[in-house]
2 protein chains.
Amino acid sequence: MPDATPLPPTDPGRHLTDPTTRSALRIQQHLLSAAREFLRGRGFTELLPPIIGPVTDPGARGSKQVDIDFYGHRYKLMTSAILYKQASLLAFDKIFCIAPNVRLEPLETAGTSRHLAEFHQLDVEAAGASRDDAVRLAEELVVHIVGSTVRELPKEFAELGRDPQAFADLLKGSFGRVRHAEAVAELRGIGHPQSLDAELDWEGEALLSARRDRPFFVTDYPKGSRGFYDREHPQDPGLLRNFDLLAPEGYGELCSGSQRTNDYAEIVTRMRETGENPQKYRWYLDLVREGVPASAGFGIGVERLTRYVAGLDAVWQASAFPKVAGVVSP
Amino acid sequence: MPDATPLPPTDPGRHLTDPTTRSALRIQQHLLSAAREFLRGRGFTELLPPIIGPVTDPGARGSKQVDIDFYGHRYKLMTSAILYKQASLLAFDKIFCIAPNVRLEPLETAGTSRHLAEFHQLDVEAAGASRDDAVRLAEELVVHIVGSTVRELPKEFAELGRDPQAFADLLKGSFGRVRHAEAVAELRGIGHPQSLDAELDWEGEALLSARRDRPFFVTDYPKGSRGFYDREHPQDPGLLRNFDLLAPEGYGELCSGSQRTNDYAEIVTRMRETGENPQKYRWYLDLVREGVPASAGFGIGVERLTRYVAGLDAVWQASAFPKVAGVVSP
């Protein structure tokens, strides 16, 4: 498991000229190029989503949204592209985007080595897809882009001291799948207290991650732990048709996804259950009432994926100008 | 010249399902793919720049910056990537990025059909390059990506009613170059009052643009009209080593660029001359004092380029979720 590391360097010049930064950024860009190639080959259209808007994803656990004043109207910086992903399916059946997000994470995350206040997501959404379609697509995408990067950038892996053999099992695919309830049982079995009704905590994710040799999916998280847009199991109320993809070696979460709710009444109910005021979501709810396609999709944290592939001690090493909670930096 | 059009549709569903939107967005994505291919072929490395930071580009004429509260510190949304482009040259000699920018344009721009409050730029910067290197690169880039799009997307041009012959002259390259002083003389010659000491006004740009059959460069703008980072002519003080690229047919500005100032004392002087407080730019000035490479580069407005290539009446038609001054929309 990677060591905890200190805060990002206060000297941006030193960070930018560090060979580790250069190699990590080259790996990041190759991962993104390979992802574009893969997704286009599957018929996905790339889009440029907004970064400001009247409302944003409320589902980011523990973090605060950023307000801005847009000509006298209170707007938000995007915490994720979820609302725009669903809406964009009106234009194209399969879409993806690579865009920045801002989440004011709690101050205590500054030293976790896995949180950035500003980061990027590779977001994917497909009309008519099921949760399991999205899981399969995420696995194939990760196998493709990691495989391509390992093949094409041997010098960068050597520079970083990252053994490409770390991905031998990943490249075989067949990522494990464990339901949230099973993951909770596994954690309790090794002495880690974990609530059945809540998101896995960071330590629990890291413990599961350290026991695997390749990325693995955790599925069927309980309602209450996630945003209103994750579809509930019709036969298993209280559970959601969603998933996370966790990296092995203790690197933790890489990706979150789900089948989406596209039923107006259900969304309004779920908003109320999660403490959200439907009035705020007017443009989104108006579109949903007119009809948006059923869909499934996911978002991959670009810097977190880069950290895992490059074998970095901290996620901030995967950003040219990293921002962590509470620290002033470029 | 394109007609003036009304405000963006208040119904996002109608905009997203409009065949014009779909074709315009496909053209936009092809332009960006072709740009990535071209720039990588020339040895440029793509980067993901920040969208928030302690300070941003003050050079955006007439528009206001957006403040945010970053853990008690006043940050800005990026109006351009210029400061990060110069800094990134410490990591790589040639870089580019495609990123969102936010500029609160004056309310009266809502109906100009050429302004968005949120837009994207394709930003390019090369260490050791001169202004003329940047001009040549911008021309070759535009010829390559427009040529590729015309060849590969005939259906989209047909759907939009845009005759690919509109680009016959563009594809020959050899874009015209006119110095700012010559452009002023030309405008005065056709009865348009234009100050020699100021940026060309919108109407002047459109008049010049309507008289050309392919994109053309305007160079050597006067000091005072541009940001502190444009390098001054050593032999011709008061003039800057910069340029704009304007589209023909009245579509106006596509791109702005310059050779950059990288001398600490000169930058501080230029900041003071342009009314900027150097204290605000601490991280940037600290880096410049330690040394950043001499460079030149440019930024292409992605939606404006898309508008020109797709032959759209208004720039908002080149965005899936357009935002114009003062109008609340997704």
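A: In this predicted model, A:Arg226 forms a salt bridge with A:Asp244, the closest N and O atoms being 2.9 Å apart; the term stands for a side-chain nitrogen of Lys or Arg within 4 Å of a carboxyl oxygen of Asp or Glu. The pair links distant parts of the chain, 18 residues apart, with A:Arg226 in the loop between β8 (216-219) and β9 (242-247) of chain A and A:Asp244 in strand β9 of chain A. Helices (H or I, at least four residues) and strands (E, at least two) are DSSP runs, numbered from the N terminus. Over all chains the structure holds 64 salt bridges, whereas across the interface of chain B and chain A the rule finds zero.

Because the model is predicted, local features need pLDDT of at least 70 and side-chain atom pairs count only at pLDDT 80 or more, while totals for chains, interfaces and linings use all residues. Residues are numbered from 1 along each chain as its sequence is written, chains are lettered from A and ligands numbered from 1 in the order in which they are written, and side-chain values use heavy atoms, with hydrogens and water left out.

The interface itself takes 60 residues from chain B and 60 residues from chain A, where contact means heavy atoms within 4.5 Å. The two chains bury about 4900 Å² between them, 69% of it on carbon and sulfur atoms; buried area is the accessible area (1.4 Å probe) that two parts lose on being put together, summed over both. On the chain B side, B:Leu48, B:Tyr71 and B:Phe321 lose the most area to chain A, together 14% of what that side buries.

Elsewhere in chain A, an open sheet of three strands runs in the order β2-β4-β3 with antiparallel pairing, two strands being paired if DSSP finds at least two bridges between them. Strands β2 (52-53) and β3 (67-70) of chain A stand at the edges with a single partner strand each, so one side of each is left without a neighbour in the sheet. β2(A) pairs with β4(A) (residues 73-77) in the antiparallel sense over two bridges, and A:Gly53 has A:Lys76 in β4(A) as its bridge partner.

Further along chain A, the axes of helix α8 (residues 264-273) and helix α9 (residues 282-290) come within 9 Å and cross at roughly 150°; axes are lines fitted to C-alpha atoms, for helices over the stretch in contact, and angles run from 0 to 180 degrees between N-to-C directions. α8(A) and α9(A) are therefore roughly antiparallel to each other, a term used for angles over 145 degrees. From α8(A) the contact draws on A:Tyr264, A:Ile267, A:Val268 and A:Met271, and from α9(A) on A:Tyr284, A:Leu285, A:Val288 and A:Arg289. These residues divide into seven nonpolar, no polar and one charged, where Ala, Val, Leu, Ile, Met, Phe, Trp, Tyr, Cys and Pro count as nonpolar, Asp, Glu, Lys and Arg as charged, and the others, Gly among them, as polar.

Methods: Angles under 35 degrees count as roughly parallel, over 145 as roughly antiparallel, 65 to 115 as roughly perpendicular and the rest as oblique.
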